[in-house]
Amino acid sequence: MSIGSQLSPQDLVNSIRGLYAEVGRFDEYVADSIGIDRTALRAIDALKETELHPKDFAVKLGITTASVTAMLDRLEKGGHINRTHSPTDRRSWVISLTDETRKEAGKRYSNLGLALRDLFAERTNEELSNTLKAIEELTMAFEAARNK
């Protein structure tokens, strides 16, 4: 794109794809640094704020319950999750992150938070609000394109 030219939809797509690639590289770095793959990182992300039953976990990740069982076995063996009996149904399990995995993943994402803080330190609240709105709108555009 040359200076003074009209921004095209393809320019936006290319820029977003570049961002997506960098997010993927960052997630790969986080996953590698805590000894898991990116699929397992998605699982850890799903558990960052709550405990889940295996069925709810499968729904949240969009995978089969059989795949969840194998993933949970690997994560438990690696010391990343705890499985405890549900307090309401002893036949069921509740899955949660170990404190160590929560801490290690949190450290990596805190580094990202610090980098973003530094990047946006000179922005006004209005500029930050507009940035957040643009990100939300981009997210909605992805959803709309997927549902067409």
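## Model and confidence

This is a predicted model, in which local features need pLDDT of at least 70 and side-chain atom pairs count only at pLDDT 80 or more, while totals for chains, interfaces and linings use all residues. Residues are numbered from 1 along each chain as its sequence is written, and side-chain values use heavy atoms, with hydrogens and water left out.

The predictor's confidence in each residue is called pLDDT and runs from 0 to 100. The protein averages 90. A score of at least 70 is reached by 97% of the residues. Helices (H or I, at least four residues) and strands (E, at least two) are DSSP runs, numbered from the N terminus. Among the elements, helix α6 (residues 125-146) has the highest mean pLDDT, 94. Helix α3 (residues 54-61) has the lowest, 88.

## Salt bridges

Side chains of opposite charge can pair when their charged atoms come close. Here a salt bridge needs a side-chain nitrogen of Lys or Arg within 4 Å of a carboxyl oxygen of Asp or Glu. The whole structure holds 9 of them.

Arg83 forms one with Asp73, and their closest N and O atoms are 2.5 Å apart. This pair links distant parts of the chain. Arg83 sits in strand β1 (residues 81-85), and Asp73 in helix α4 (residues 65-77), 10 residues apart. Arg83 also meets Glu76 in a salt bridge, at 3.1 Å from N to O. Asp73 has 40%, so it is partly exposed. Glu76 has 35% and is also partly exposed.

Another salt bridge joins Arg108 and Glu104, with the closest N and O atoms 2.8 Å apart. Both residues lie in helix α5, 4 residues apart, about one turn of the helix. Arg108 is buried because its relative accessible area is 13%. Glu104 is buried too, at 16%. Elsewhere, shared partners join Asp73, Glu76 and Arg83 into one salt-bridge network.

## Aromatic rings

A pair of aromatic rings is described by the distance of the centres and the angle of the planes. Rings of Phe, Tyr and Trp (its six-membered ring) pair if their centres lie within 6.5 Å. Planes under 30 degrees apart count as stacked, over 60 as edge-to-face, and the rest as tilted. The count comes to 2 aromatic pairs.

Phe26 and Tyr29 form a tilted pair, 5.6 Å centre to centre, with 55 degrees between the planes. Both lie in helix α1 (residues 9-33), 3 residues apart, about one turn of the helix. Tyr29 is partly exposed, at 39% relative accessible area. Why is the pair of Phe26 and Tyr109 edge-to-face? The planes of these two rings stand at 65 degrees, with the centres 5.6 Å apart, so the pair is edge-to-face. This pair links distant parts of the chain, helix α1 for Phe26 and helix α5 for Tyr109, 83 residues apart. Tyr109 is partly exposed, at 34%. Phe26, Tyr29 and Tyr109 form one aromatic cluster.

## A nonpolar surface patch

Together with Leu112, Leu116 and Leu119, Tyr109 makes a nonpolar patch of about 340 Å². Patches are made of residues with over 30% relative accessible area and no salt bridge; like charges are joined within 9 Å, and nonpolar side chains (Val, Leu, Ile, Met, Phe, Trp, Tyr) within 5 Å. Accessible areas come from the Shrake-Rupley method with a 1.4 Å probe; for residues, only the protein chains shown count as cover. Leu116 belongs to helix α5 (residues 99-119). At 40% relative accessibility, Leu116 is partly exposed.

## Single residues

Ser96 lies in strand β2 (residues 93-97). Ser96 is buried, at 13% relative accessibility. Contact means heavy atoms within 4.5 Å. Not counting residues up to four places away in sequence, Ser96 touches Glu51, His80, Ile81 and Asn82.

Ile34 is buried, at 11% relative accessibility. Leaving aside neighbours within four places in sequence, Ile34 contacts Ile44, His80, Thr101, Glu104, Ala105 and Arg108.

Lys133 lies in helix α6. Lys133 is partly exposed, at 48% relative accessibility.

Methods:
Buried < 20%, exposed > 50% of the residue type's maximum accessible area, 1.4 Å probe, protein only.
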